[in-house]
Amino acid sequence: MKQASLLTAAAAIALLLYGCGSTPQADTEKPAADNSMAATTPATPTPAAAAAADAKGKGKFTSVALTDPLDQKMIASGKSTYEVKCAACHKLTGDKLVGPGWKGVTERRKPEWIMNFITNTDEMIDKDPAAQAMLEECMVRMPNQHLTDDEARHVLEYMRSNDGKK
Amino acid sequence: MKRLSLMLGLAVATTAAMQSCKMKTAATAVQGDAASKTYVAPGKYDEIYNFVSGGFNGQVSVYGLPSGRLLKVIPVFAVNPENGYGYSEETKAMLNTTNGLIPWDDQHHLDLSQTNGEQDGRWLFANANNTPRVARIDLTTFKTMEILQIPNSAGNHSSPFITENTEYVVAGTRFSVPLGSEDVPISSFKDNFHSTASFISVDKNSGKMDLAFQIVLPGMNLDLSHAGKGPSHDWFFFSSYNTEQAYTLLEVNASQKDKDYIVAVNWKKAEEYAKAGKGKKVPATYAHNTYDEHKQTATSEIKNEVLLLDPKDCPDMVYMIPCPKSPHGCDIDPSGEYIVGSGKLAALIPVFSFSKMTKAIAGKQFEGDFKGIPIIKYEAALHGEVQKPGLGPLHTEFDGKGNAYTSMFLSSEVVKWSLKDLQVLDRVPTYYSVGHLMIPGGDTRKPGGKYLVAYNKITKDRFLPTGPELAQSAQLYDISGDKMQLILDFPTFGEPHYAQACQASLIKDKQVKYYDINKNGHDYVTMGEKKANVVRKGNRVDIYMTAIRSHLVPDNIEGVFVGDEVYFHVTNLEQDWDIPHGFAIKNNPNAELLIMPGETVTLKFSPDKQGIYPFYCTDFCSALHQEMSGYLRVSPKGANVPLKFGTGETVTSVAAK
Ligand SMILES: [Cu+2]
């Protein structure tokens, strides 16, 4: 009895400590993490939660309207953005350079996930399980290249065209 | 018995005397809660940006207050190998003068731009003392944007003080020199040597400087300066010494007279005279260097003419006010009414009244002239004298609550006194030999009355010793109460000569975080890796290179020969805050580059020996930073090696001849 209550007390203290110790900083105050020297420890989410969360990623894009057929103007603009800001790390084939090759990316990821990853890079790398898995593979955090929403959308169109969408 | 009592009496008297003039020790000067007043927790920001001159270091350093943490060193008048300032092809022109690139200067005073007598957080002006120059630093990027050389001047000490709408920046001569480049005997000082007060106009929108006119004054030493404000808005005041016009052993010969002068200049009148053609355009060469943000490149223009105004031709433009004795500081209170002259060899502080001065001018209360310039009667312009303030009064700042604070160089203390009745209110020790003082906004119409910083010349025993050469120091005082309280001292970079400070909120949110790569207008930009290239023209080789975490393109270059001039134009493709890349190549007798996100910077390399020269990114930018490197092969002149470059398997190609 006595021992049990002690245990309970210990558990309560542990909880308290945990509660205090892990009080997260307000997200807005926290500087966008790091230059990848210090690997952020990913909080391992439950598989179910991960599956639900990762489909669209984290960010402001919750639904992206796709064009049919593809918008040629967007593709041209996306291509020029790719050449200045993305080509340093991403090939158009499936081969990894610094980051993964783009072939098939629009099959693997939802358009929202891609848009969120491009525009909300740091939070995605810190929180999204799929993005974290990629970081472990590539060992370089994707630089936030500060694409505008339009530029990101155009790059997505270029990716779709690269994947043979019509 | 008699003898003993005499001795005892003497001892007591001596002890009493020693007590009364003995300084408080550091232990008694600092109270227990000092640390909590200066502690800024990790992750929290300081309240105030403090811009401190680097003195003989030629740069400006930026500290946070109240923590005293060093935030940045801005290279201005000295080359800086840390980021390639003055070494890169883009910035060499910033340090150009009519005597070629001068890689060093002595940076003495700073002034933050103002609108209506209040700080506006746009620009910071800095002077170079030795080879007279004035610089403008942009406070969105903390970069030196412009440097203007000043002709007909030497020892640019009373500079760069500004008018209250930043209409003008001044540059006053400390060492008189002949105008132009005449060869004259030094002993003809009185006839041939002059001091000049240069007025540099500042464009309201761009900040661009232009040497508007110079006022030619008798040969003497102009020391410090400040613009009037409010009612005295139209005036500028300079302190002077060596009105004896000595030219040798000044420490004796320039201290003969009881009084030197405060030179009062009506710059509005001067401006009118300049516009009315009363000046004389004379040949004078000086460099005007500007950094073009779009092209990310500085250019240097040599100008050939300057407009001189002679007080003889411009009545009511300049007056002299007698001021005891070898005055240093010349400081105007927030109301614009009081002009405080600090005679560094005087045992008092004279305070002049602007309204009395104008009345004296109107009533022609003069006591003669100095080389044709009317001298106002001392008593006619005097508001009063602060008696026995301390030894060696140098420089005064104001708290906006009717109090003045004067640094005492000889007695190493700060003395607080009242402008109204000129009574000493408080004194605190400094450690040691304080020069300038600074209260944030303390020379504007709206001082912040919370902190005062003393910038000291001597630091012995303050910090861990580092051989004969010690860091100099700044000391922070809480002046919010009746009594000043020392709360922190911290070592400084270079000689902390004068300083300016403002609320962080005025500047913090305007910071540029990265340069938009799409707006990069550099002549040698590489817009994406696809455009990376190597181009040979004669023995000049231009390498268009990109940097991004974690590789350089190209990273293999061959077909370069001994005697070539190789230019690495490195474009940082990153578009993220705080991700510069570095660039350095083995055995280059130059410096490294530090290239900000979205920027292009050029390093010149002229290999004089064959070999393999590794190059690499010097900034630890990512987990694969160590891998961010490449090789340049330099072959003997005339060798049969084709020009070839590439990175990985993607871009290897033979360059077009
Ligand atoms: Cu790097």
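This is a predicted model: local features need pLDDT of at least 70, side-chain atom pairs count only at pLDDT 80 or more; totals for chains, interfaces and linings use all residues.
Conventions. I number residues from 1 along each chain as its sequence is written, letter chains from A and number ligands from 1 in the order in which they are written. Local features need pLDDT of at least 70 and side-chain atom pairs count only at pLDDT 80 or more, while totals for chains, interfaces and linings use all residues; side-chain values use heavy atoms, with hydrogens and water left out.

Copper site. I looked up the donors (N, O and S atoms within 2.8 Å of the metal, or 3.2 Å for Na, K and Ca; water is not among the atoms, so sites may look incomplete) and found B:His581 (ND1), B:Cys617 (SG), B:Cys621 (SG) and B:Met628 (SD) coordinating the copper ion at 2.2 to 2.6 Å. The angles subtended by the four donor atoms run from 96 to 135°, which makes the arrangement tetrahedral (for four donors, all angles between 85 and 135 degrees). In sequence, I read the donor spacing as H-x35-C-x3-C-x6-M. For burial (under 20% relative accessible area, 1.4 Å probe, protein chains only), I noted 0% for B:His581 and 1% for B:Cys617, both values counting as buried.

Aromatic pairs. B:Trp235 and B:Tyr319 form a tilted pair, with ring centres 6.3 Å apart and planes at 35°, and both residues are buried. B:Phe352 and B:Tyr378 are edge-to-face, at 5.9 Å and 80°, and these two residues are buried as well.

Methods:
Four donors count as tetrahedral if all angles lie between 85 and 135 degrees; four count as square planar and six as octahedral if opposite donors are over 155 degrees apart and all others between 65 and 115; anything else is irregular. Buried means under 20% relative accessible area, exposed over 50%, partly exposed in between (1.4 Å probe, protein chains only). Rings of Phe, Tyr and Trp (its six-membered ring) pair if their centres lie within 6.5 Å; planes under 30 degrees apart count as stacked, over 60 as edge-to-face and the rest as tilted.
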